[in-house]
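Hi,

I am passing on a structure that may be new to you. Please have a look at it below, and then read on for some notes on what turned up.

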Amino acid sequence: MNREQRRAAARAAGHRPGRPGQRQTTGVRPDLEQITRTAACPDCDSDVSVAELVPGVFGADVRHDDSCPRMIAADRGNTP
């Protein structure tokens, strides 16, 4: 599965990338599944784990595939 196919599959599944720095101010607790989908890399089949660091603040750990073009670029010093 190439990048275009992964992105099409993510769109079909309802994944919509979020914007960095967005805050939820409605008082509704975020859906952890939604956070996981948002944090997932669109370029590889990454594994994502989400943890609540303090009440209302979540952190995501994204583990990319070895063939991920984002990580290859980052290793070369070209952050996408």
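Let me begin with Arg70 and Asp43, whose side chains meet in a salt bridge (2.7 Å, N to O). By salt bridge I mean a side-chain nitrogen of Lys or Arg within 4 Å of a carboxyl oxygen of Asp or Glu. Arg70 sits in helix H3 (residues 69-75) and Asp43 in the loop between H2 and E1, so this pair ties together parts that are 27 residues apart in sequence. Helices (H or I, at least four residues) and strands (E, at least two) are DSSP runs, numbered from the N terminus.

Before going further, a word on the source: this is a predicted model, where local features need pLDDT of at least 70 and side-chain atom pairs count only at pLDDT 80 or more, while totals for chains, interfaces and linings use all residues. Residues are numbered from 1 along each chain as its sequence is written, and side-chain values use heavy atoms, leaving out hydrogens and water.

Asp43 also meets Arg3 in a salt bridge, at 3.3 Å from N to O. Arg3 belongs to helix H1 (residues 3-12), so that contact links parts 40 residues apart in sequence.

How accessible are these residues? Asp43 is buried at 4% relative accessibility, whereas Arg3 at 37% is partly exposed, and Arg70 at 29% is partly exposed too. Buried means under 20% relative accessible area, exposed over 50%, and partly exposed in between (1.4 Å probe, protein chains only).

The whole structure has three salt bridges; one of them joins Asp61 and Arg63, with the closest N and O atoms 3.6 Å apart. Shared partners join Arg3, Asp43 and Arg70 into one network.

Best wishes
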